[in-house]
Amino acid sequence: MTTTTAPGTSRPRKPATAPAASRPRRSKLGWNLLGLFVFVTAGFPVYWMLNTAFKPAKDAIDPDPSLLPTALTLDNFSRALDIADFWGPVARSLIVSLAVVLIGIVVGMLAALAISRFAFRGRKIVIVGILAVQMVPLVAMIIPVFLLLNDLGQYDKLTGLIITYLTFILPFTVWTLRGFIVNIPRELEEAAMVDGCSRTGAFVRVVFPLLAPGMVATSVYGFIQAWNEYLYALMLMSQKNQTATVWLGNFTTKHGTEYAPMMAGSTMMAVPIVVLFLIVQRKMAAGLTAGAVKG
């Protein structure tokens with residue numbers, strides 16, 4: 001016997017489905033797991049460097065290494081300081097990196113301001129040229145740079161190394177700062193000029209404070225690039241004027257590589273970068289997100 005539904009009556013309700021709130025939860029859990037995987041993948045080399053730096057030298061060459069340290073020692077750091085001069089290369093790297101950042105940020109800011117705020121003949125060619133320079137592999141420029149610095153008398157000098165680093169750090173600085181300046185509305189400058197400021201005064205009082213986070217983010221990138229650069233420092237500087245990255249090569253000899261002291265030296269080299277990032281981390285975060293805000 002079958003039952004029928006009288007005309008005008010409501011149909012039977014369908015069984016309830018799973019709540020829609022569970023879908024965002026599953027999606028959020030998936031993104032969290034993906035972020036955890038990326039964090040572990042990126043952070044494991046740093047952890048292994050620290051683990052090797054503090055473990056005994058014999059454990060560093062153990063064919064069956066332990067994931068967790070079984071013993072801690074500071075002998076690797078004293079060995080790293082005794083094997084060669086440490087403070088000299090570090091001081092030279094600091095001088096070169098800071099000089100590159102200061103020169104690059106001043107010149108790059110002026111160039112980015114000119115490109116983004118003024119219309120002049122050849123402006124598009126300049127922009128394309130900046131992009132083209134960044135596409136050239138650094139290895140391809142070693143011989144021309146060496147010959148040029150040798151003719152200018154800048155071979156094996158810190159000034160020559162600074163000029164060399166500017167050739168690949170300055171284009172990125174100009175391009176990045178241009179993006180920050182473009183996102184600052186022109187109306188702010190025009191309003192300041194209406195109130196009596198000159199163009200320079202409007203830039204200093206209005207644009208420059210808004211551009212500061214972007215300048216900090218760009219400066220940190222330039223400092224890291226100059227601090228970690230190895231190839232040009234190896235080719236253009238002698239043993240007595242070597243930088244910190246080249247100094248790490250002293251741990252590789254014809255008898256093998258001393259991994260524990262090398263990791264201790266790498267840990268000491270990472271300290272300036274970590275300290276710099278901790279100092280400017282708030283400005284760094286603001287600079288990375290400044291492009292998302294429109295006036």
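In the chain of this predicted model, mean confidence is lowest in strand 1 (residues 252–253), at 70, and highest in helix 10 (residues 231–236), at 91. Confidence is given as pLDDT, the predictor's score for each residue from 0 to 100. Helices (H or I, at least four residues) and strands (E, at least two) are DSSP runs numbered from the N terminus. The average pLDDT of the chain is 81, and 86% of the residues score at least 70. The pLDDT falls below 50 over residues 291–295, a stretch that has 3 contacts in the model beyond near neighbours in sequence; a contact means heavy atoms within 4.5 Å. Where pLDDT is low, the predicted coordinates should not be read in detail.

Residues are numbered from 1 along each chain as its sequence is written. Local features need pLDDT of at least 70 and side-chain atom pairs count only at pLDDT 80 or more, while totals for chains, interfaces and linings use all residues, and side-chain values use heavy atoms, with hydrogens and water left out.

Helix 7 (residues 158–182) packs against helix 9 (residues 199–228) at an angle of about 160°, the axes lying 10 Å apart. Helix 7 is therefore roughly antiparallel to helix 9. Axes are lines fitted to C-alpha atoms, for helices over the stretch in contact, and angles run from 0 to 180 degrees between N-to-C directions; those under 35 degrees count as roughly parallel, over 145 as roughly antiparallel, 65 to 115 as roughly perpendicular and the rest as oblique. Helix 7 contributes Tyr165, Ile169, Phe172, Thr173, Thr176, Leu177, Phe180 and Ile181 to the contact, and helix 9 contributes Leu211, Gly214, Met215, Thr218, Tyr221, Gly222, Gln225 and Ala226. These residues comprise 10 nonpolar, 6 polar and no charged. Ala, Val, Leu, Ile, Met, Phe, Trp, Tyr, Cys and Pro count as nonpolar, Asp, Glu, Lys and Arg as charged, and the others, Gly among them, as polar.

Helix 8 (residues 186–194) also meets helix 9, with axes that come within 9 Å and cross at roughly 140°. Helix 8 is therefore oblique to helix 9, and the crossing is right-handed. Leu188, Glu189, Ala192 and Met193 of helix 8 are in contact with Arg199, Ala202, Val206, Val207 and Leu210 of helix 9. By class, 7 residues of this contact are nonpolar, none polar and 2 charged.

Helix 4 (residues 87–117) packs on helix 7 at about 40°, with the axes 6 Å apart. The two are therefore oblique to each other. Their contact has 23 nonpolar, 4 polar and 3 charged residues.

Terms used. A crossing is left-handed if the near helix is turned anticlockwise from the far one by less than a right angle, and right-handed if clockwise.
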